[in-house]
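Here is a short report on one protein chain. Look over the sequence and the model first, then read on.

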Amino acid sequence: MLLVSIALFVAPWVTDSPVTAKDAHRNELAVGLVVFFAALARFKWRPGKVPDLIVFIAGVWLVVSPWVLSLQNTEVFDGAHVFDVAAGTVLILLAVASLLLLRAIGKNGAPRQ
């Protein structure tokens, strides 16, 4: 999750994207911050459902945001919305996997039978 948040931070500068994709990059930076702090919360405190649900919602937003924000109507296609959909899908899969692992482990730390 931390790696995806870092990728969301640096993507606008690494890809040297055009000016027409400012909204996409602001969206990526905002979601990157949310995911970064949710992932840090998992390290500082015990992993729980709340950070995973936050990451899941952030991932869903990243997947739908190109259409909700009309980012596909930029003058120059720079692949920002393809990156958003890919990063959002990865976040959704990570959050679901983490939630399933938490459920399998149970409350006392021992695997469920």
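Phe-37 counts as exposed, because its relative accessibility is 54% and exposed means over 50% relative accessible area; buried means under 20%, and partly exposed is in between (1.4 Å probe, protein chains only). This is a predicted model: local features need pLDDT of at least 70, side-chain atom pairs count only at pLDDT 80 or more, and totals for chains, interfaces and linings use all residues. Residues are numbered from 1 along each chain as its sequence is written, and side-chain values use heavy atoms, with hydrogens and water left out.

How many aromatic pairs are there? The count comes to two. The rule takes rings of Phe, Tyr and Trp (its six-membered ring) and pairs them if their centres lie within 6.5 Å. Planes under 30 degrees apart count as stacked, over 60 as edge-to-face and the rest as tilted. The rings of Phe-9 and Phe-36 have centres 6.1 Å apart and planes at 65°, so this pair is edge-to-face. Phe-9 lies in helix 1 (residues 2-14) and Phe-36 in helix 2 (residues 22-44), so the pair ties together parts that are 27 residues apart in sequence. Phe-36 also pairs with Phe-37, edge-to-face, at 5.7 Å centre to centre and 75° between the planes. Phe-9, Phe-36 and Phe-37 form one aromatic cluster.

## A closer look at Phe-9 and Phe-36

Phe-9 is partly exposed, at 21% relative accessible area. Phe-36 is partly exposed too, at 24%. The C-alpha atoms of Phe-9 and Phe-36 are separated by 9.7 Å.

What does Phe-9 touch, not counting residues up to four places away in sequence? Its contacts (heavy atoms within 4.5 Å) are Leu-29, Gly-32, Leu-33 and Phe-36.

## The overall fold

The chain has four helices and zero strands. From the N terminus on, the elements run α-α-α-α. Helices (H or I, at least four residues) and strands (E, at least two) are DSSP runs, numbered from the N terminus. Of the 113 residues, 34% count as buried. Take the contacts between residues at least 6 apart in sequence: 65% of them join residues at least 24 apart.

## The nonpolar core

A nonpolar core is a set of buried Ala, Val, Leu, Ile, Met, Phe, Trp, Tyr and Cys residues joined through side-chain atoms within 4.5 Å. The largest one here has 13 residues. Leu-8, Val-31, Val-35, Val-55 and Leu-91 have the most contacts inside it. Helix 1, helix 2, helix 3 (49-68) and helix 4 each give two or more residues to this core. Which helix gives the most? Helix 2 does, with four residues.

Val-31 touches Leu-8, Ala-58, Trp-61 and Leu-62, not counting residues up to four places away in sequence.

Asp-52 lies in helix 3. Is Asp-52 buried or exposed? Asp-52 is buried, because its relative accessible area is 0%. Not counting residues up to four places away in sequence, Asp-52 touches Met-1, Arg-42, Ala-95, Ser-98, Leu-99 and Leu-102.

Side chains of opposite charge can pair when their charged atoms come close. The structure holds one salt bridge, meaning a side-chain nitrogen of Lys or Arg within 4 Å of a carboxyl oxygen of Asp or Glu. The side chains of Arg-42 and Asp-52 form this bridge, at 2.6 Å from N to O. Arg-42 lies in helix 2 and Asp-52 in helix 3, so the pair ties together parts that are 10 residues apart in sequence.

## Helix 4

What span should helix 4 have? Helix 4 (residues 80-105) has 26 residues, so at 1.5 Å a residue it should span 38 Å. The expected span is 1.5 Å times one less than the number of residues. The end C-alpha atoms of helix 4 are 37 Å apart, which agrees.

Several residues of helix 4 are buried, including Ala-80, His-81, Asp-84, Ala-87, Gly-88, Leu-91, Ala-95 and Ser-98. Just after helix 4, Gly-106 takes a positive phi of about 85°.
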